[in-house]
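Welcome! Here is a short briefing to read alongside the structure, with the main points grouped by topic.

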Amino acid sequence: MLSYIIGILVMVVFIMISVALHELGHMIPAKRFGVYVPQYMVGFGPTLWSKTIGETEYGIKWILLGGYVRLAGMFRPAPPGVATERKDGRPTLAQEAREASAEELPAGRQHQAFYRLSVPKKLTVMLGGPVVNLVMSVLLFAFIILGVGLNAPSTTVARVPECFSPDGTCSAEHSVRTPASEAGIQSGDQIVSWNGQVTDTWKDITGAIERAGKQPSTVVVNRDGQELTLQLQPALFGGAYKAGIVSQLQRQRGGLGQVADVSWATFTGTAKVVFALPKAVWDTAVGTFSGQERDPNSVLSIVGVGRLAGEVSAEGGSVTFLDRMTMMLAMWASLNMALFVFNLIPLPPLDGGHVAGALWEGVRRQFNRVRGRRDPGAADTARLVPLTYAVSLALVAMTVVLVVADIVNPIHLP
């Protein structure tokens, strides 16, 4: 139980580090460009601790489920001709947002408003957070692959099942003997060559078996320092030719190419999940409230991530401390990739929504410049405030559904 709790706490710390660095990715360029930044906070809710340094209050809040950096003057004043009041005389939601944005700027600091930045500077500020998460993800994968190494199949035999069956034993139902057991291959043997081809990796062995097909194979193994030559004929099982060898996993370091491959695979896999997020959340809700077994590949909330981290930390058996550390770091790397992809969704209040607003501003300004028209100024993104509220409500509802599912119908490690 103690290991389980430690695993959860470690993952919470990892998440908060990712959030804190994400917000720094916004704040640092914003300050360099002269934007007034009154607050930088990790967490939500009541303030646990804070300290004002210069013009910015830095702090930690009680609910460690995110964070924010307050950039003053996000919205420009209403352009001429834009309605600022409803029929009953009350200000529109957009106008309320404009007024609140203006109030964030102390007297004499109107020139430090975010909306006054150029389009490239706005993009730099808003993409700074997600890019930090992307860099963290790649660096973590690089540390794991280049430094720690990953458990991968080796050319050393871990065991040789007697028959092709779930537990490797022979029975009336499973009576097909494995070619490796018939050939006399034993646990601990190191496969040196297969049909004359030197086998430096497990991939070399599987490739040699595929090429041999049903033809007899000459296999050279190293057993206790002596090389033995054995004859083996692969058997067709499950639609493929197999020898019936279980490889011994060994920690192996990879190269930069593997870092790139793993990072790209994580990015594309995460993008597919995010693209199908509404359906995935709906399926999770239906499954949870109807008592169906949950898809092990479904999306998780921070609660689910914490539970898995606890299970990784508490996992026993032959799992070493280094294995646990590697799995935790891999989860952290994947989480950072998820933060990168999710924040690029082009909807406010996510970073991608602000990026989309800046891009629209740039397109409109360039169009007017080409047409010889006056500069229309900054985009009136305050008009997207109603959409911001709607998306925020949807995100809250999604979070509630996933948290409930992770408590009532959690996903466990296989």
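Helices here are DSSP runs of H or I with at least four residues, and they are numbered from the N terminus. Please keep in mind that this is a predicted model.

**Helix H3 and its end**
- Helix H3 covers residues 119–148, which makes 30 residues.
- From its first C-alpha to its last, H3 reaches 42 Å, close to the 44 Å expected at 1.5 Å a residue.
- There is a bend of about 45° in H3 at Gly128, and the proline Pro130 follows within four residues.
- After H3 comes Gly149, which has a positive phi, near 90°.

**Val119, a residue of H3**
- Val119 belongs to helix H3 and counts as buried, because its relative accessibility is 13%, under the 20% limit.
- Beyond its neighbours within four places in sequence, Val119 is in contact with Ala358, Glu361 and Gly362.
- Val119 and Arg365 lie 246 residues apart in sequence, yet their C-alpha atoms are 9.6 Å apart in space.

- Phe44, Leu48, Trp49, Ile60, Trp62, Ile63, Leu64 and Leu65 make a nonpolar surface patch of about 780 Å².
- Strands S1 (39–53) and S2 (56–70) each supply at least two residues of this patch, and the largest share, 5 residues, comes from S2.
- Leu48 sits in strand S1 and is partly exposed, with a relative accessible area of 47%.

**Salt bridges**
- The whole structure holds 13 salt bridges.
- Asp189 pairs with Arg223, their closest N and O atoms being 2.8 Å apart.
- This pair links distant parts of the chain, 34 residues apart: Asp189 is in the loop between helix H4 and strand S4, while Arg223 is in strand S6.
- Both Asp189 and Arg223 are buried.
- Glu182 and Arg177 also form a salt bridge, at 3.9 Å from N to O; Glu182 is exposed at 57% relative accessibility, and Arg177 is partly exposed at 35%.
- In another salt bridge, Asp283 meets Lys279; these residues are 4 apart in helix H7, so about one helical turn separates them.

**A buried aspartate**
- Asp406 is part of helix H11 and counts as buried, at 1% relative accessibility.
- Apart from its neighbours within four places in sequence, Asp406 has contacts that include Arg294, Ser301 and Arg307.

Notes
Residues are numbered from 1 along each chain as its sequence is written. This is a predicted model: local features need pLDDT of at least 70, side-chain atom pairs count only at pLDDT 80 or more; totals for chains, interfaces and linings use all residues. Side-chain values use heavy atoms; hydrogens and water are left out. Patches are made of residues with over 30% relative accessible area and no salt bridge: like charges are joined within 9 Å, nonpolar side chains (Val, Leu, Ile, Met, Phe, Trp, Tyr) within 5 Å. Accessible areas come from the Shrake-Rupley method with a 1.4 Å probe; for residues, only the protein chains shown count as cover. A salt bridge is a side-chain nitrogen of Lys or Arg within 4 Å of a carboxyl oxygen of Asp or Glu. Buried means under 20% relative accessible area, exposed over 50%, partly exposed in between (1.4 Å probe, protein chains only). Contact means heavy atoms within 4.5 Å. The expected span of a helix is 1.5 Å times one less than its number of residues. The bend at a residue is the angle between axes fitted to the seven residues ending there and the seven starting there.
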